[in-house]
Amino acid sequence: LSIPPAKVRATHPDCSVVLYFQEQEAECLEIIRSENQTPATPSPPGQQGCLTAWDGVSCWLAVPVGQSQAVACPDILHVFKKSKALIRRNCTEVGWSLPSPPYYNACELEAIGSTNDTEAKASGSRAKGYFVTMKVLYTCGYSTSLAALFLAIGIFSCFRKLHCTRNSIHIHFFTSFILRGAAVFIKDAVLFSDESVDHCTMSTVNCKAAIAFFQYSVLANFYWLLVEGMYLQTLLLLTFTSDKSYIWWYILIGWGVPMLTVCVWAVTRLRYDNHGCWDDYTSVYWWVIKAPILLAVFVNFLIFLNVTRLLAQKIRSPDISKNYKQQYMRLTKSTLLLIPLFGVHYVVFALFPEHIGVDARLYFELVLGSYQGFLVALLYCFLNGEVQAEIRRNWGKWQSSMESNVFNLATQDFTA
């Protein structure tokens with residue numbers, strides 16, 4: 001006998017509230033339907049009582065006229081603060097009275113229905129304005145990063161003197177950031193372009209593929225940063241070894257490990273938790289993505305400590321020439337800055353539940369994260385002394401060539 005795999009349902013934090021109330025409403029409507037199907041006992045005029053009603057937050061069960069009913073605040077602890085207050089409604093001859101105290105006072109909820117529509121709309125407008133601002137900021141950030149990264153790849157590719165293993169690794173690192181920026185724009189286009197689609201119930205192949213591609217790009221980011229650290233450590237440890245022999249291992253780690261991880265995660269979600277768009281970070285299967293990233297950050301931190309120790313030894317060593325010391329310092333300054341910069345915030349947020357510090361998490365991952373590609377291009381390319389010298393040399397050659405052409409043209413005109 002084959003036992004079907006257990007299904008685990010996890011919900012995106014933003015959708016947990018919506019789904020909770022949808023379930024509560026469905027239960028309440030089922031009670032109302034059953035009451036309508038049951039013949040009611042005759043009552044004197046004005047004494048019929050209040051029928052079961054759903055007010056958008058709670059289900060109020062039928063009671064006779066003159067009685068009251070009390071309900072507690074909705075049981076979603078990570079959204080609503082714990083409150084012992086009870087909300088009461090009286091059954092009068094004209095129907096249910098208004099909730100007392102109002103939900104937004106007792107449970108710190110926004111007003112429901114027509115009791116305070118202005119306040120609710122103002123709050124919704126503020127929330128929408130906040131997310132629109134966030135989107136504008138990270139769109140500018142990713143656009144700036146993409147332009148800088150394409151320019152940096154073009155510089156490394158065009159100048160033959162810059163063709164080496166070190167810069168080849170940089171190009172792969174830049175490409176991972178380009179994929180990440182593209183993945184963010186694709187994810188927004190697939191998930192949020194149509195406001196009429198309910199994101200909480202959306203579950204299409206396109207949206208799952210967009211999320212899988214986004215996770216792959218994030219993993220590739222961290223693993224190519226790991227490769228940068230590994231290359232630097234190899235350069236310091238094995239001074240006389242050809243670094244070209246390691247390039248395929250670096251490519252396998254940088255692109256292969258993220259691909260294997262995402263494939264395992266996708267198969268796991270398809271088999272055990274195939275609902276929604278797979279963007280629910282509260283799922284236990286989210287650790288299939290999170291654990292490899294934390295491992296890469298941890299290994300990079302160990303490399304950070306070891307490289308610092310090796311660098312101190314190399315600089316103090318009288319056998320190392322001044323040119324080699326400058327080469328070590330140039331690469332080390334960039335890599336040692338990026339390792340803690342890219343790893344610390346991820347570790348901090350990984351240790352807390354997804355609903356803790358949502359605003360700070362969004363700001364770091366979306367707004368500041370969108371400029372990481374620009375920072376990488378700046379450190380490894382635009383501020384690189386070797387790159388600047390090569391650009392100046394070629395610019396000088398181009399100017400000399402132009403001056404020579406102008407002189408030849410002027411000479412031809414004169415002799416003619």
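This is a predicted model: local features need pLDDT of at least 70, side-chain atom pairs count only at pLDDT 80 or more; totals for chains, interfaces and linings use all residues.

Colour by secondary structure, and the protein shows 11 helices and five strands. For contacts with a separation of 6 or more, residues 24 or more positions apart account for 70%.

Next, select the spans that the unreviewed UniProt entry annotates as "transmembrane region": residues 136-159, 171-192, 222-240, 247-267, 287-311, 331-351 and 363-383.

Then move to residues 171-192, where the span is 100% helix and 0% strand. Here the end C-alpha atoms are 31 Å apart.

Now show helix α4 (residues 165-192) together with helix α6 (residues 247-272). How do their axes cross? The axes come within 11 Å and cross at roughly 15 degrees. Angles under 35 degrees count as roughly parallel, and α4 and α6 are therefore roughly parallel to each other. Their crossing is right-handed.

Finally, display side chains where the two helices touch. On α4, select T165, S168, I169, H172, T175, S176 and L179. On α6, the partners are I247, Y250, I251 and W255. Which classes of residue make up this contact of α4 with α6? Six are nonpolar and five are polar, with no charged residues.

Definitions and conventions:
Residues are numbered from 1 along each chain as its sequence is written. Side-chain values use heavy atoms; hydrogens and water are left out. Axes are lines fitted to C-alpha atoms, for helices over the stretch in contact, and angles run from 0 to 180 degrees between N-to-C directions. Helices (H or I, at least four residues) and strands (E, at least two) are DSSP runs, numbered from the N terminus. Angles under 35 degrees count as roughly parallel, over 145 as roughly antiparallel, 65 to 115 as roughly perpendicular and the rest as oblique. A crossing is left-handed if the near helix is turned anticlockwise from the far one by less than a right angle, and right-handed if clockwise. Contact means heavy atoms within 4.5 Å. Ala, Val, Leu, Ile, Met, Phe, Trp, Tyr, Cys and Pro count as nonpolar, Asp, Glu, Lys and Arg as charged, and the others, Gly among them, as polar. UniProt positions are given in the numbering used here, feature names are shortened, and annotations may be inferred rather than shown by experiment.
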